[in-house]
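Student: Could you take me through this structure one feature at a time, with the general idea before each case?

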Amino acid sequence: MIVAAGTLPWFSAWTADVRAQFQEYKLDSSDRWQAQEDIDPTSEVAQLREARRALRIGDASLAKLLSNRFIEAHPLSPLRPDAFLIRGDAKRALGDEYEALFDYEEIARRYFGSDVFVPALQREFEIAQEYAAGKRRKFFGTIRIVSTYDDAQELLIRVQERLPGSELAEKAGMELADFYFANRELSMAADAYDLFVQNYPRSPRITKARLRLIYSYLAAFRGPDYDGTGLLEAKSRLRDLQVAEPALAQEVGADAILVRIYESEAAKLLATADWYWQTNDAISAELFIRRIVKQYPDSVACLDALRVIPMVLAKLPKSVIAGGPNYEALRAAKLRVRGTEVPPPASAARRGC
C-alpha cells in the first residue's frame with residue numbers, strides 16, 4: 001500500500017499526459033476551441049492519431065510502423081483508408097513514392113467513398129507531376145534509373161477518370177497535354193489539348209490550351225510528302241481563335257500562320273502532282289495542278305506548277321486539255337506580273353517535269 005501510494009501521483013500524471021495527447025477539440029459556434037470527451041488511448045482513433053503525430057513531427061519510420069500495425073490488426077476497421085493514407089505519406093516522406101502509390105491506389109480502388117479518397121488522388125497527381133518532370137524510380141530501392149514515362153501518363157489519366165469535372169482533373173488534363181507536348185508526342189498532345197478545350201471551356205487555362213493545340217497541329221506536319229491533316233485542323237482552330245479571341249489571334253500572328261498553312265497546303269498538292277508525273281500518270285498530275293491554280297492561285301507552288309505545266313500538257317489527250325483551265329493565259333498573267341519567266345526548278349528539270 002505504501003509503494004502504491006508513493007507511485008500514485010506519478011501514475012496519475014502519466015495518465016493525464018497520455019489522455020492530453022488524445023484530447024479532441026472542436027470549434028464551437030463562437031469559434032472557440034472546446035474540449036470534447038477523452039479518447040481511449042487504446043482505441044483505433046487514438047492509434048491512428050499517434051501515427052499522424054509521428055508523421056507530423058518528422059518521424060516517418062515510426063508513422064509507417066504504426067500505420068502498418070493498424071492495417072494488419074484491423075482488417076475490417078472503417079478507419080483503414082486513413083491508415084493507408086498515413087502509410088503512403090510515410091513511405092513518400094522516406095523517399096519511396098512509388099511504394100506509396102500502392103497505398104493510394106488501395107484507397108482509390110476500394111474506398112472511393114471515404115474522406116481520404118480525394119487526398120489520395122491529390123498525392124497521386126503530385127507524384128505524377130514529379131515523374132512528368134523527369135524524376136525516375138528507384139531500382140530495387142537503390143539508385144533512381146528506372147523510367148517513369150509510362151507511370152506519369154497513366155497516373156494523370158487515372159486522376160481524370162476518377163474525379164471528372166473537378167479542379168484536380170482539370171490540372172491533370174493540362175499536365176498530361178503539356179507532358180506530351182514537351183516530349184514531342186505531338187499527335188497525343190493535340191488530342192489532349194483538344195479534349196481539354198471541350199471539357200473545360202471556361203477554364204483559366206483555356207487560352208494556353210487553344211494555342212498549344214494549334215502549335216501541336218502545325219509542328220506535327222512533317223512536310224509536303226506527308227499527311228496534311230494537321231494543317232487542316234490548325235487552320236480551323238486558328239479561324240476559331242480569330243472569332244473567339246481576336247486580340248489574342250492578332251498577338252500570335254494568326255494571319256501570318258494562315259499564310260504559312262496556305263503555302264504548305266499548296267506545296268503538298270504540288271508534291272502529289274510530281275509523284276504522279278514520276279509514275280507516268282500525266283492525267284493525275286494535271287488534275288492536282290488544276291487544283292493548285294484554282295484553290296491556291298497566289299501561292300509559290302502555283303508559280304512552280306505553271307512553269308512545268310507545258311511539259312505535262314504535251315502528254316495529255318486534247319479532250320483533257322480542252323476541259324481544263326487556260327494555262328497559257330494563267331502563265332502570261334502570273335509569271336509576267338512577277339517578272340520574266342524563268343526555267344523550271346532544277347528538281348523538275350531532272351525529272352523531265
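Tutor: What follows is a dialogue on helix packing, salt bridges, backbone angles and surface. The model is predicted, so that local features need pLDDT of at least 70 and side-chain atom pairs count only at pLDDT 80 or more, while totals for chains, interfaces and linings use all residues. Residues are numbered from 1 along each chain as its sequence is written, and side-chain values use heavy atoms, with hydrogens and water left out.

Student: At what angle do helix α8 and helix α9 pack?

Tutor: Two packed helices are described by the angle between their axes and the distance between the axes. Here the axes are lines fitted to C-alpha atoms, for helices over the stretch in contact, and angles run from 0 to 180 degrees between N-to-C directions; helices (H or I, at least four residues) and strands (E, at least two) are DSSP runs, numbered from the N terminus. Helix α8, residues 167–182, and helix α9, residues 186–199, pack at an angle of about 160°, and their axes are 7 Å apart. The two helices α8 and α9 are therefore roughly antiparallel to each other, where angles under 35 degrees count as roughly parallel, over 145 as roughly antiparallel, 65 to 115 as roughly perpendicular and the rest as oblique. The crossing of α8 and α9 is left-handed, a term used if the near helix is turned anticlockwise from the far one by less than a right angle, with right-handed used if clockwise.

Student: How are α10 and α11 placed?

Tutor: The axes of α10 and α11 cross at roughly 155° and come within 8 Å, which makes α10 roughly antiparallel to α11. The crossing in which α10 passes α11 is left-handed.

Student: How many salt bridges does the structure hold?

Tutor: Side chains of opposite charge can pair when their charged atoms come close. With a salt bridge taken as a side-chain nitrogen of Lys or Arg within 4 Å of a carboxyl oxygen of Asp or Glu, the structure holds 28 salt bridges. One of them joins the side chains of R92 and E126, at 2.8 Å from N to O. R92 lies in helix α4 (residues 80–93) and E126 in helix α6, so the pair ties together parts that are 34 residues apart in sequence. R92 is partly exposed at a relative accessible area of 24%, and E126 is partly exposed at 27%; buried means under 20% relative accessible area, exposed over 50%, and partly exposed in between, with a 1.4 Å probe and protein chains only. R92 and E126 also belong to a network of salt bridges that links them with E97, E130, K135 and R144.

Student: Where do R290 and E286 lie?

Tutor: Both R290 and E286 lie in helix α14 (residues 282–295), 4 residues apart, about one turn of the helix. Their side chains meet in a salt bridge of 2.9 Å, N to O. R290 counts as buried at 17% relative accessibility, and E286 is buried with a relative accessible area of 2%.

Student: Which bridge does R210 form?

Tutor: R210 forms a salt bridge with E245, and the closest N and O atoms are 2.7 Å apart. The pair links distant parts of the chain, 35 residues apart, with R210 in helix α10 (residues 206–220) and E245 in the loop between α11 (229–244) and α12 (246–251). R210 is partly exposed, at a relative accessible area of 25%.

Student: What is the phi of F140?

Tutor: Most residues other than glycine have a negative phi, and most peptide bonds are trans. F140 has a positive phi of about 50° although it is not a glycine, and F140 is found in the loop between β3 and β4. R184, in the loop between α8 and α9, also is a residue other than glycine with a positive phi, near 65°. F140 counts as exposed at 75% relative accessibility, and R184 is exposed at 56%.

Student: Which residues form the nonpolar patch on the surface?

Tutor: F139, F140, I143 and I145 form this patch, with about 470 Å² of accessible area together. Patches are made of residues with over 30% relative accessible area and no salt bridge, like charges being joined within 9 Å and nonpolar side chains (Val, Leu, Ile, Met, Phe, Trp, Tyr) within 5 Å; accessible areas come from the Shrake-Rupley method with a 1.4 Å probe, and for residues only the protein chains shown count as cover. F139 lies in the loop between β3 (137–138) and β4 (144–146) and is partly exposed, with a relative accessible area of 40%.
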